[in-house]
Every structure is written in structure tokens, then in C-alpha cells.
Amino acid sequence: MTTDAERPLLRVRDLKTHFTLKAGGLFSGTRKVLKAVDGVSFDLAPGEVLGIVGESGCGKSTVGRTLTRLEDATGGTAEFDGQEMLSLSKADFRPLRREIQMIFQDPFASLNPRLTIEQTLSEPVRIHGLETTREAIRERIARTLTQVGLDPKVMSRHPHEFSGGQRQRIGIARVMIVEPKLVIADEAVSALDVSIQAQVLNLIKDLQTESGISMLFISHDLGVVRHICDRVAVMYLGRIVETAPRATLFSAPSHPYTKLLLASIPRIRPGRVAAEDRGEPASAAAPPPGCPFHPRCGLATDICRSERPLPVDLGNGQFSACHHAGNQQGEAA
Amino acid sequence: MTQSKPPLLDVRGLSLSIATGGSLMPVVRDLSFSLNASETLGIVGESGCGKSLTSLAIMGLLEGTPVRVTGGEILFEGRDLLTLPARERRRIMGNEMSMIFQEPMTSLNPVYRIGDQIVETIREHQPMSKTAARARAVELLRMVRIPDPQGRIDSYPHQLSGGMRQRVMIAMALAGSPRLLIADEPTTALDVTVQAQILKLIADLQSETGMGIILISHDLGVIAETCDRIAVMYRGRVVESAQTRDLFARMRHPYTRGLLDSIPEPDEDVERLPTIPGRVPGLDERVDGCAFHPRCARASDICREQDPAETAFGGGHAGRCHHPLEPDA
């Protein structure tokens, strides 16, 4: 929970990540700008898990990649532990690399198939100088493998000898072994079968609770997000349209897009009121003017077509970037 | 329907194996189900359970793969597809039965306009002039609710959104007015708001045409909302099948229960997700008795020794388990 007295671990303000695309054919030379992230602000408290949800192309992964410096920010600031980090040179950012770690969707793609698990896990320990002797490194690896539910004996094996769930555990071990303060998980369980997904989700939740790590949990799966996050930010075409504590977001969503998203999930238990057909999102390379959601919104009026809405404080930590937020409580979107 | 009319599709004792280095590794065992017109059967299960191979076998698409049909019958309107002459079988595929897949972008050719691709599909199966086929293509695009079909017919696949591309694939599948449509993870690559639209489209098309549908998915939510009947597969076997409502009201197989419980749902808070311990054994790993026993809390000696036969629980609900859950569990 964020309190005024507590300094957030991460403070992101007006973050922008734009990409330049070539458009109009090979030789025309015209350039188009894809505003993948276009003015995103949020705080992350120590020990908090913030979910970032949204559909493909909304920019949620780019937020994560920008905060780990895998992409260059076009604008805005991000303070980590009080230090502005987006303007740091690569060299000055290096010490922060240990503290900010990322878990990816496909652990296999990020594990070197020729290295044993021991080699894979000892690399970050040596690079960051966490242990010096061979025995100490081995001991740390064994401890971390146990922590993620693997037998330390698997150290001598190669990635292909593991199942998908075990590989994701190894991916998590590689993150946990350097004792980060912030973990950014990008669709960390999306590639796993449900029975395995539940095991890995429980593991992530346990590790987070035990270590008090802060986490940005990026996912398209609202069920998974509800299970693991304290607070949720909903993104649409490069912007956060709603932020709310978990319970509020799922029981009393405010933004029409959040409502559409929740109404669209196929439910196992009957009783859902089917979502209206509201078309598909515009391309992030050509977002609509005003509120990016207005072409799909049942509440849209003139102001929505011309002016970009700012977040409206609805109290109790809920913010909705909607011109009609607050005047339509209880109405369906 | 009259009593004498056979089901639209009747799969009886289908077994499939992968040929590897001179030996056959069973991947689908003694699989039986039937489907009537206007009915939707959902096949659900995790990777490697055999659900997609089953659909490929029905469609006759195993040629060129190491997978062999090692037993059983696939009766389409009473005729066994497996013993039909190849020419006759090809005529049925794409006309009387067709299939849509997960990834429309890989099934559409990026360098041809969608209209040309639909026209080609139509003319592959029906003798028709190009002009008539083009008119039919527009009609098909209208059927799948593509706005401005006259204008969109000359688009290239990359100019369409993911949802629109899947609509084009469905239009192509409908070209021969099929009586059976197999949809293999048709919405898995789509965003959730678009998924809802495509599932609704498929249901609408079914009420318009009366086709029978087999929907294959790993997503129990998708299956629960769309299907009349559900078959749950685990390691090559249907372990439980029932009418949708009956299945969710009275799960009898511990795997079905475990699968349902391990899904985090957007409408409820659980402190800790129940899990199924372990993992699905690899195809090359031999498991005696019930294939689920190494992960099952109810397993006893008999489960380790004997593969359970199918038990009828009544009301069309059946399962393979030595210790089924109590109906009110």
C-alpha cells in the first residue's frame, strides 16, 4: 500500500517511448511515429505488486522494456529509489541492472542451450560480484534452486532437459539469485499450461511475499492479475486509462474500456452479461484524436473526440482517464 | 431428426500413434465421441493431450506426418472416412467439412489479395466462373460480418486486423457450406475483446447454417461458454465427457476438477491456487494403469495397475476413473 510517508520505490512520470517507422514505401522517405508508450505515470511502493494489463499493442510490454533500458525512452522520468535512471549513461545504469530484473514469457529463448544451469546461474553472481569463491557461488545457486522448488542436483543439466514449467523456474532463479529490489514480469506464465501455470504463480507469489520485492506484473490475463496483484493499471493505446486497487478494479471498474475488458472474458460459470461488440482497437501508429477509446465507447461525446482526458481521482486510489468518469456510476459501458 | 439418421460425426475407438524409429508410440487411445448437426462439442486439455491430432485425423491431414491411425472408425454421416477412396475423401474435405486454425496470418498467403484467395478456395471445390466465385466471396465476407465487403475484398492480409483476418479464414472455411466445422484454438491468438466477437460470430453462423462444430481449446472459459457438450482429454484419452452444465455442476474426474481449480478467475479471490502436482508425463515415458495416477491424490493400487474403462454416470455423463469424485463434491 502506498502511504504519503513512504517514498515509492519507482516513480514514473509522463513516460514516452516512441518508435520511428518507415511508411509509404521503401523510397518515399516519409516517417511515421509509433507512440507505443505515450505519457504513462505511476508509483510503485516497496513490496507492492502492480499489474499492468491491456491487449496487444497497448504498450504494456514496452513500459517494462523501457524501465529495464531495453528500449530508449523518448521522454519522461523514472526515479528508482530516488534516483532518476532514464537519463543515466549505460555505464552509470549498470549498478541498477542487478536491482531491476526482468522475467520473460519464454524462458527457453533466454537460456543459453549450451550452458549448464550452474553456468547460467553463476554468470550474474560473478558479474555483479555477489560471491567470489567457487564454493560460495555454488552454495548460492543451490539455495536459489531450492527456493524456486528445484532440486540443487539439476545444476549440472542443460535447458533442454527441463519441461516448460521447470524452465520458467530456472528463469525465476536467475532473477532471484541477484536479490533484486524490483522485478518486472512480462507475461511470465502465459506460455504455460494451466496446471503448471498455477504452480508457477504460487511460486512467484511466495517469493514476492517472503522477499518483499516490488513487482510490475505485465499480463493480458485478468484472472492471473487478480490473483497476484495489489493494484492494477489498465493500458489502452499507449496510455493508462484506469488505475485502482485490485478489489475495486474488479468489482467497481470505472473506465468504459476496463468494463469492456472484464465483460469480454469468457467465464466458466454462467451468469456473465455478454460484452457488446465494440470493434477492434485502432493501430498505435494512428491513434484516434482525443480519448483513444472514443471510437469504441458507448459514452463518447464531442469532448471525447477532441480532448485527451486526464486521470480523474475517484477516491480510494482509483483513477480513471475518462471525461465521463464520476458522472456515470452504476451505468453499464 | 428421425431415429434412423446417423449422427453427423461418430468417432469410434480412434487410436493414433507416432512412428519413431520402427516403433509406434500411442498418442491417442480408443477415443469415441459423436456430434449431431447444430451441436457444438468442446475438446479441452493441456498441450500434448492429443486434441489437435484428433482433429487432424478427422480432417485427413495426417499425411506427411509421422502420425498413423492405428485403429477405429471416423463415421461422417454414416460413412467411414478412413476406408473411403482418397478422391472421395478429398471431395468431402473443404466442402462438407472444413477447419479453422489458431493463426490466421500463417494460413493466409501474404502476397495475394484476400478476395483472390477466397475465390481460389471456392473454385477448388466447386466448378464456378471467376465472376460468380467473386460474387460468392463477397457474400461470404458479408456472412462473417466484415464491414464493406466490396471494398475489403481487394485488401492484402497485412492490411487487416487480427480479428478481421480470422473472419476471412472463417469465410474461406464456409466456402463449401460445410456441415461440420472444426475450430482448433480459433481465438487463442486474439485479444479478449476480439475473441468475444469471433466466438459470437461462430455461434451465429451455426444457428444460421445448422452446422455441427468441434471446438478445440485449452481455455475452459471459452469451452464453457460456447459448447453444448465437453470432452476433457488427458494424455490421449477422453477422461470425462458430459453436457456442459452437467460437467461443471458434477465433475467426476479428479483431473477435470484439478484443471478447473487451478485456473485463477477474474471473479473470485483465492489466497492460494490449488495445483495439480507434477506434470504431464512425456510421450516416451511409460505410465502403467491410469495415465493420471502419478498426479492424483485419490490414486490407489488399482490405478497403478489397470487403465480404467469408461463408466457411464448417467445422463450422457461418462468418465474413466477407478475412484470418481462424488457427484456433489
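Tutor: Buried area is the accessible area, taken with a 1.4 Å probe, that two parts lose on being put together, summed over both. Please keep in mind that this is a predicted model.

Student: What is the area buried between chain B and chain A?

Tutor: The two chains bury about 3,300 Å² between them, and carbon and sulfur atoms give 50% of that area.

Student: Which three residues of chain B supply more than any other three?

Tutor: They are Thr193(B), Glu225(B) and Pro266(B), which supply 18% of the area that chain B buries against chain A.

Student: And how many residues are in contact?

Tutor: On the side of chain B there are 41 residues, and they are in contact with 35 residues of chain A.

Student: How many salt bridges are there between chain B and chain A?

Tutor: The count is three salt bridges. One pairing joins the side chains of Asp267(B) and Arg267(A), with 2.5 Å from N to O.

Student: Let us turn to the helices. At what angle do H3(A) and H4(A) pack?

Tutor: Helix H3 of chain A, residues 117–127, packs against helix H4 of chain A, residues 134–147, at an angle of about 110°. Their axes are 10 Å apart.

Student: What does that make them, parallel or perpendicular?

Tutor: H3(A) and H4(A) are therefore roughly perpendicular to each other, as angles of 65 to 115 degrees count as such. H3(A) passes H4(A) in a right-handed crossing.

Student: Which residues of the two helices meet?

Tutor: From H3(A), the residues are Ile117(A), Glu118(A), Leu121(A), Ser122(A), Val125(A) and Arg126(A). They meet Arg134(A), Ile137(A), Arg138(A), Arg140(A), Ile141(A) and Leu145(A) in H4(A). By class, this contact of H3(A) with H4(A) has six nonpolar, one polar and five charged residues.

Student: How do the axes of H3(A) and H5(A) cross?

Tutor: Helix H5 of chain A covers residues 164–176, and its axis comes within 9 Å of that of H3(A), crossing at roughly 25°. That makes H3(A) roughly parallel to H5(A), because angles under 35 degrees count as roughly parallel. The crossing of H3(A) and H5(A) is right-handed.

Student: Which residues make that contact?

Tutor: H3(A) contributes Ile117(A), Thr120(A), Leu121(A) and Pro124(A), while H5(A) contributes Ile170(A), Ala173(A) and Arg174(A). By class, the contact of H3(A) with H5(A) has five nonpolar, one polar and one charged residues.

Student: One last topic: where is Ala142(A) found?

Tutor: Ala142(A) is found in helix H4 of chain A. Leaving aside neighbours within four places in sequence, Ala142(A) is in contact with Pro152(A) and Met155(A).

Student: And how many residues separate Ala142(A) from Cys304(A) in sequence?

Tutor: They are 162 residues apart in sequence, and 56 Å apart in space from C-alpha to C-alpha.

Terms used. Residues are numbered from 1 along each chain as its sequence is written. Chains are lettered from A and ligands numbered from 1 in the order in which they are written. This is a predicted model: local features need pLDDT of at least 70, side-chain atom pairs count only at pLDDT 80 or more; totals for chains, interfaces and linings use all residues. Side-chain values use heavy atoms; hydrogens and water are left out. Axes are lines fitted to C-alpha atoms, for helices over the stretch in contact, and angles run from 0 to 180 degrees between N-to-C directions. Helices (H or I, at least four residues) and strands (E, at least two) are DSSP runs, numbered from the N terminus. Angles under 35 degrees count as roughly parallel, over 145 as roughly antiparallel, 65 to 115 as roughly perpendicular and the rest as oblique. A crossing is left-handed if the near helix is turned anticlockwise from the far one by less than a right angle, and right-handed if clockwise. Contact means heavy atoms within 4.5 Å. Ala, Val, Leu, Ile, Met, Phe, Trp, Tyr, Cys and Pro count as nonpolar, Asp, Glu, Lys and Arg as charged, and the others, Gly among them, as polar. A salt bridge is a side-chain nitrogen of Lys or Arg within 4 Å of a carboxyl oxygen of Asp or Glu.
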